[in-house]
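Subject: Model for you to look at

Hi,

Here is the structure I said I would pass on. Please open it alongside this note.

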Amino acid sequence: MKKLLITLILPATLAGFAAVAQAQDAKAGEKKNAMCIGCHGIPGYQSSFPMVHKVPMIAGQNAKYIAAALVAYQKGERKHPSMRAVAASLSEQDILDLAAFYEQQGKGAEPAPKTAAEPSAQVAALLAKGNCASCHGANFSTPIDPSYPKIGGQHGDYLYTALKAYQLPKGDQVGRANPVMGGMAAPFSNKELKLLADYFASLPGEVRTVPESRFR
């Protein structure tokens, strides 16, 4: 059932971008990221809403995932108020260009090992319960489709906040309405989500924050 949902959801999420998928321009994206660098261009920068956590590292993230995430904010499937406001101001071309820019910004980083470090028995059981590697890859940096994020090495407090957002009911101001991730996260307690998030964060990853000084 989970694989069927994945097959149905991905084309629908990205259908609006298919016609211009080859037109993305990283150079143009670099000129359009003024609204991004105030959070994503400062290493260790923290958000205080809905809880205190570091903003995600997006340099080196899959362009297709970044585009899908921004579309989800535009549609209200992801409901973080600040990100919804930013995404609402972007055209389809803007989203493609920004996604391409942030993907290439991570080029040259050390590739993650092909397999992840051995987890504790407790975490291994949780990974199996959530079937996490089936989507995010054996090292959690090689997802089966580039519309899924690389989560290895990502900030643990951000991952925990994101996982909790998938558990929130429809209509919540900071929830994420994704049937696949909602179904995955639903059975876990907060403590279990924290263990998973901390494990992913402990792994070598391919995402990072590239400092930006040109605030404007």
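Below are notes on helix packing and then on salt bridges.

Bear in mind that this is a predicted model.

Helix packing

Start with helix H4, residues 63–75. An angle from 65 to 115 degrees counts as roughly perpendicular, so H4 is roughly perpendicular to H5. H4 contributes Leu70, Tyr73, Gln74 and Lys75 to the contact. From H5 come Met83, Arg84, Ala87 and Ala88. By class, the contact of H4 with H5 has five nonpolar residues, one polar and two charged.

H4 also packs against helix H6, residues 92–105. Here the angle is about 140 degrees, with the axes 8 Å apart. That makes H4 oblique to H6. The crossing of H4 and H6 is right-handed. On the H4 side the contact uses Ala63, Ile66, Ala67, Leu70, Val71 and Gln74. On the H6 side it uses Ile95, Ala99, Ala100, Tyr102 and Glu103. Nine residues of the contact of H4 with H6 are nonpolar, one is polar and one is charged.

Salt bridges

The model has six salt bridges. Among them is Lys64 with Asp145, whose closest N and O atoms are 3.6 Å apart. Lys64 sits in H4 and Asp145 in the loop between helix H8 (133–136) and helix H9 (156–167), so this pair ties together parts 81 residues apart in sequence. Lys64 is partly exposed, at 35% relative accessible area. Asp145 is buried, at 18%.

Glu206 and Lys150 form another salt bridge, at 3.0 Å from N to O. Glu206 lies in the segment after helix H11 (190–202), and Lys150 in the loop between H8 and H9, so the pair links parts 56 residues apart in sequence. Both Glu206 and Lys150 are buried.

Within H11, where do Lys194 and Asp198 stand relative to each other? They are four residues apart in the helix, so about one helical turn separates them. Their side chains meet in a salt bridge at 2.9 Å, N to O. Lys194 is partly exposed, with a relative accessible area of 38%. Asp198 is also partly exposed, at 35%.

Finally, salt bridges with shared partners join Lys32, Asp94 and Asp97 into one network.

Best wishes

Definitions and conventions
Residues are numbered from 1 along each chain as its sequence is written. This is a predicted model: local features need pLDDT of at least 70, side-chain atom pairs count only at pLDDT 80 or more; totals for chains, interfaces and linings use all residues. Side-chain values use heavy atoms; hydrogens and water are left out. Axes are lines fitted to C-alpha atoms, for helices over the stretch in contact, and angles run from 0 to 180 degrees between N-to-C directions. Helices (H or I, at least four residues) and strands (E, at least two) are DSSP runs, numbered from the N terminus. Angles under 35 degrees count as roughly parallel, over 145 as roughly antiparallel, 65 to 115 as roughly perpendicular and the rest as oblique. Contact means heavy atoms within 4.5 Å. Ala, Val, Leu, Ile, Met, Phe, Trp, Tyr, Cys and Pro count as nonpolar, Asp, Glu, Lys and Arg as charged, and the others, Gly among them, as polar. A crossing is left-handed if the near helix is turned anticlockwise from the far one by less than a right angle, and right-handed if clockwise. A salt bridge is a side-chain nitrogen of Lys or Arg within 4 Å of a carboxyl oxygen of Asp or Glu. Buried means under 20% relative accessible area, exposed over 50%, partly exposed in between (1.4 Å probe, protein chains only).
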